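This report goes through a single chain, from its paired strands to its helices and loops. The sequence and the model come first.

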Amino acid sequence: MACKRTVAFSRNAVNLFFHLLTRCNLDCRHCYINPDQHGTATLPLATVRRWLEAFQPRSRETNLVLLGGEPTLHRDLAHIIRLAREMRFGSLTVDTNGYLFHDILARVTPAEVDYFSFSLDGPTAEINDPLQPQLPPLLHQPGSTRHANPAV
Ligand code: SF4
């Protein structure tokens with residue numbers, strides 16, 4: 001089986017980072033999204049569609065990264081993913097903190113999402129835990145590092 005690269009970006013790629021909402025279930029100390037400054041709003045589906053149309057790839061492949069806040073808190077995320085696929089974005093990534101709300105894994109297929117991206121705040125629980133005191137259930141394994149941080 002061919003091995004896919006974990007990051008689809010290449011040297012001359014066009015990458016679109018789309019914040020679907022600023023709301024998040026976590027409150028990481030290092031997060032650059034500050035609810036006082038950025039609010040906790042969620043873009044309605046119609047607005048998301050218009051922005052995707054505005055950036056729809058016309059010639060070069062465009063990698064789309066959907067993020068927040070926590071993108072899986074958006075109730076229409078599965079719909080948005082399908083829209084993006086129809087618009088022929090290149091790779092499609094969802095940057096999540098690992099909670100995976102609204103049964104997102106059951107609502108999309110591997111053909112629709114190239115990557116669910118989880119980044120780590122540090123190599124050990126001792127480093128991670130003070131930064132992010134809540135534990136995503138998906139990543140809750142004894143001895144594991146925890147928390148995905150799309151903002152870093
Ligand atoms: S999970 Fe990401 S968006 Fe949410 S508070 Fe942490 S760094 Fe910010």
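## A pair between strands

L64 stands opposite L92, a residue of β3. The strand numbering follows DSSP: helices (H or I, at least four residues) and strands (E, at least two) are DSSP runs, numbered from the N terminus. L66 also has a bridge partner in β3, namely V94. Strands β2 (residues 62–67) and β3 (residues 92–95) pair in the parallel sense, over three bridges; two strands pair if DSSP finds at least two bridges between them.

## Basis of the model

The model is predicted: local features need pLDDT of at least 70, side-chain atom pairs count only at pLDDT 80 or more, and totals for chains, interfaces and linings use all residues. Residues are numbered from 1 along each chain as its sequence is written.

## Overall make-up

Five helices and four strands make up the secondary structure of the chain. Read from the N terminus, the order of elements is β-α-α-β-α-β-α-β-α.

The chain has 152 residues, of which 26% count as buried. A residue is buried if 20 or more other C-beta atoms lie within 10 Å of its own, exposed if 12 or fewer, and partly exposed in between, with C-beta atoms placed from the backbone. Of the contacts in the chain with a separation of 6 or more, 71% are between residues 24 or more positions apart. Two residues are in contact if their C-beta atoms, placed from the backbone, lie within 7 Å.

## The sheet

The four strands form an open sheet in the order β1-β2-β3-β4, with parallel pairing. Its edge strands, each pairing on one side only, are β1 (14–19) and β4 (115–117). On average, neighbouring strands of this sheet are turned by 20° against each other, direction ignored. Strands of a sheet pair through backbone hydrogen bonds, either parallel or antiparallel.

Strands β1 and β2 run parallel and are joined by six bridges. F18 has L66 of β2 as its bridge partner, and L66 is in turn the bridge partner of V94 in β3.

## Packing of α2 and α3

Two packed helices are described by the angle between their axes and the distance between the axes. For helix α2 (residues 45–55) and α3, the angle is about 20° and the axes are 11 Å apart. Axes are lines fitted to C-alpha atoms, for helices over the stretch in contact, and angles run from 0 to 180 degrees between N-to-C directions. The two helices are therefore roughly parallel, a term for angles under 35 degrees; those over 145 count as roughly antiparallel, 65 to 115 as roughly perpendicular and the rest as oblique.

On the α2 side the contact is made by L45, V48, R49 and L52, and on the α3 side by H79, I80, L83 and A84. Six of these residues are nonpolar, one is polar and one is charged. Here Ala, Val, Leu, Ile, Met, Phe, Trp, Tyr, Cys and Pro count as nonpolar, Asp, Glu, Lys and Arg as charged, and the others, Gly among them, as polar.

## Two residues and their surroundings

L77 belongs to helix α3 (residues 77–86). L77 counts as buried because 25 C-beta neighbours lie inside 10 Å. Leaving aside neighbours within four places in sequence, L77 is in contact with P71, T72, H102 and I104. L77 and H102 are 25 residues apart along the chain, and their C-alpha atoms are separated by 8.9 Å.

Where is E112 placed? E112 lies in the loop between α4 (104–107) and β4. E112 counts as partly exposed because it has 13 C-beta neighbours inside 10 Å. Not counting residues up to four places away in sequence, E112 touches I81, R82 and R85.

## Backbone exceptions

Most residues other than glycine have a negative phi, and most peptide bonds are trans. The peptide bond from G68 to G69 is cis, with omega near 15°; G69 lies in the loop between β2 and α3.

R88, in the loop between α3 and β3, is not a glycine but has a positive phi of about 65°. R88 is exposed, with 11 other C-beta atoms within 10 Å. D103, in the loop between β3 and α4, is likewise not a glycine and has a positive phi of about 50°. D103 is exposed, with 10 other C-beta atoms within 10 Å.
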